[in-house]
Amino acid sequence: MPGKTETGLRGLVYFAVGVAALGGLLFGYDTGVISGAILFITKQFSLSASMEEIVVSSVLVGAAVGAALGGALTNRFGRRKLIILAGIIFTLSAIGTALAPTVSLLIVGRIVSGLGIGVASFISPMYIAEVVPAKVRGALVAVNMLAITTGIVAAYLVDYALSGIEGWRYMFGLGAIPAVILIIAMWKLPDSPRWLISTSRVKQAKVVLKSLRTVSDIDPEIADIQQSMAKQGAGGIAGLLRPSVRMPMIVGIGLAVFQQITGINTVMYYSPTILKFAGIENTGTAILAGAGLTGVMWCFHVLAIFMLDRVGRRPLLLAGVAGQIVGLAILGAAFEFQQLASFKSYVAIGGLVIYVSCFAFGLGPIFWLMISEIYPLKVRGAAMSAVTVINWITNLGVAVTFLSLVKVLGHAGTFWLYGVTAVGAWIFFYRLAPETKGKTLEQIEAHWRTGKPAQA
Ligand code: BGC
C-alpha cells in the first residue's frame, strides 16, 4: 500500500532521476570500456598476461575503496555533493587515462576511475530512492540499472568504432563528456530531502519537497521522516550493530555476494571468450554476440522498470534467480555432453541468453534497489557503503578466479558451480528477502523495528 503521505510528482523528479542515473551510465561505461581498450594497450606497452590482468582489475580495487570512502562522506556532505564529486573524479580519470604516458600511470588512472565508480554505484540509487515517492520507487531506481547497462553497451560500441584506429586513448577520454554533463546538471539539483532532514535542515527540505511534489501540504511527509528518525537510535557505523539493523544487513550482504558469485561478470567481462570456448571461431562474431547479449539485458531491464512496482520485488527476484539456474545448467550441459557437440555454440548461446535476461529483471536491478530501501535513514550511508564494498570485492574475486576455475573444474564444472551457488541464492532470498513494493522508506524502517521476520 502506498504511504498515507504519498503525493504527485513534478517534472523535476524525473530530471533528478535522469541526472543521477548518469552516475550509473558512467559506472557502466568506465567498467566496460577496458574490454576493447586492453587489446591495444597490451600491444602498445607489450604487457605480460599478469600486467594485463592488473590493468583490467585495478578499476575494481578502486571501486571497493571508493564505495568505502563514499560511505564515510555521505552523511556529512550529502548525496548531491558526492555525486558531483564522483563526476569530478570521472572527468579527471577520463583525461588522465587518455593521456597516460606509462602503464603505471594508466593503472593509477584506472584506480582513480574506480573511486568514482565506487561512489556513484551506491549514491546514485540512494539519491533516487530518497527523492521519489514509494509507488514509483522500484521503476525509478531501476532506471539507474538501465543506465549502467547503457553505459556498458555504449562502451562496447565506442570500442568497436575506434578499434580501426587503435584509439584506446579516445575510448577513455570520451567518458569525460557525460561526466562533465553530470557535474553541471547535478549542480542545479537540490539535495535529497531525507538527508536534509537528517541534518536538521528542515526548512530547506520543505522547499525541496515542494519543488518535487504537486501538493502544497508536504508537512505530513516531513513529519513521517522526522518521527521515523527519532525512533532510530545511533547512526553511522556504530548503528550497523543495532539489533534492528541486523536483519537488513544480512539481507544486503546476501544480495551483494550472491549477485556476484552467481557469475554475472564472467559473462560481462569474458562473453567473447566463453563463446569462443563454445566453438565460435571468429573473434569478430564472438565480440558481436557478446554485445548482443548486453542488448538483450537492456530489454529485460526495461521489463523490470514496468514490473517492479506492479508485481513486486520478491516474485521478480525469485523468478530471475530460478532462470539464472536454468541458464547455467544449460550452459554447463553445452560443454559437458558430447551428444550436443554439433550444436554446442547454439546451446551455449541459448543458456547465456536465458541467464542474462533473468539477471536483468531480477538480481541485477533488485540488489541496487533493495539496498537503497531497506536501511534506516541514519545508517543508510554506512550500510549501503558496506554492502557495496562487499559487492565490489566479490566482483574482483570472481573476475580473477574465473579462468583458473575453468582450468581446474573445466567449463561445465565452472558453470555448474555458479549454478549451485544460484540454488543457494534462491533459498536465501526465499527465506529472507523482504517485499518492499509500495511501502515508504519510513514504513520499511518501522517494520524492522518490530523485530518481525523480513516478509511478515
Ligand atoms: C552489477 C555489476 C554488473 C552489471 C551488469 C550490476 O548490477 O552490480 O557487477 O557488471 O550489473 O549489467
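## Confidence in the model

This is a predicted model, and the average pLDDT of the protein chain is 92, with 98% of the residues scoring at least 70. One stretch to read with care is residues 1-6, where the pLDDT is below 50. In the model, this stretch still has 15 contacts beyond its near neighbours in sequence.

## The ligand and its surroundings

Let us turn to the ligand. Which residues are closest to it? Met145, Gln259, Gln260, Asn265 and Trp368 are the closest among the 13 residues that surround the ligand.

For Asn265, a polar side-chain atom lies 2.6 Å from an oxygen atom of the ligand. The side chain of Gln259 has an N or O atom 2.8 Å from a ligand oxygen, and for the side chain of Gln260 the corresponding distance to a ligand oxygen is 2.9 Å. How much of the ligand does the protein cover? On its own the ligand has 310 Å² of accessible area, and the protein covers 98% of that.

The shell around the ligand draws on several helices. Two or more residues come from each of α5 (137-162), α12 (243-261), α13 (264-277), α17 (363-373) and α18 (377-432). Of these elements, α5 gives the most, with three residues.

## Two cysteines without a bond

A disulfide is a covalent bond between the sulfur atoms of two cysteines. How many disulfides does this structure hold? The count is zero. Cys299 is in no disulfide, and the nearest cysteine sulfur, in Cys358, is 14 Å away.

## A look at Ile183

Our last stop is Ile183, a residue of helix α7 (residues 176-188). Is Ile183 buried or exposed? Its relative accessibility is 16%, so Ile183 counts as buried. Leaving aside neighbours within four places in sequence, Ile183 is in contact with Ile84, Gly87, Ile88 and Thr91.

For a sense of distance, take Ile183 together with Val257. These residues are 74 residues apart along the chain, and 31 Å separates their C-alpha atoms.

Conventions. Residues are numbered from 1 along each chain as its sequence is written. This is a predicted model: local features need pLDDT of at least 70, side-chain atom pairs count only at pLDDT 80 or more; totals for chains, interfaces and linings use all residues. Side-chain values use heavy atoms; hydrogens and water are left out. pLDDT is the predictor's confidence in each residue, from 0 to 100. Contact means heavy atoms within 4.5 Å. A disulfide is a pair of cysteine sulfur atoms within 2.5 Å. A residue is near a molecule or strand if one of its heavy atoms lies within 4 Å of it. A polar contact is a pair of N or O atoms within 3.5 Å; within protein, one must be able to donate a hydrogen and the other to accept it, and residues adjacent in sequence count only if both atoms are side-chain atoms. Accessible areas come from the Shrake-Rupley method with a 1.4 Å probe; for residues, only the protein chains shown count as cover. Helices (H or I, at least four residues) and strands (E, at least two) are DSSP runs, numbered from the N terminus. Buried means under 20% relative accessible area, exposed over 50%, partly exposed in between (1.4 Å probe, protein chains only).
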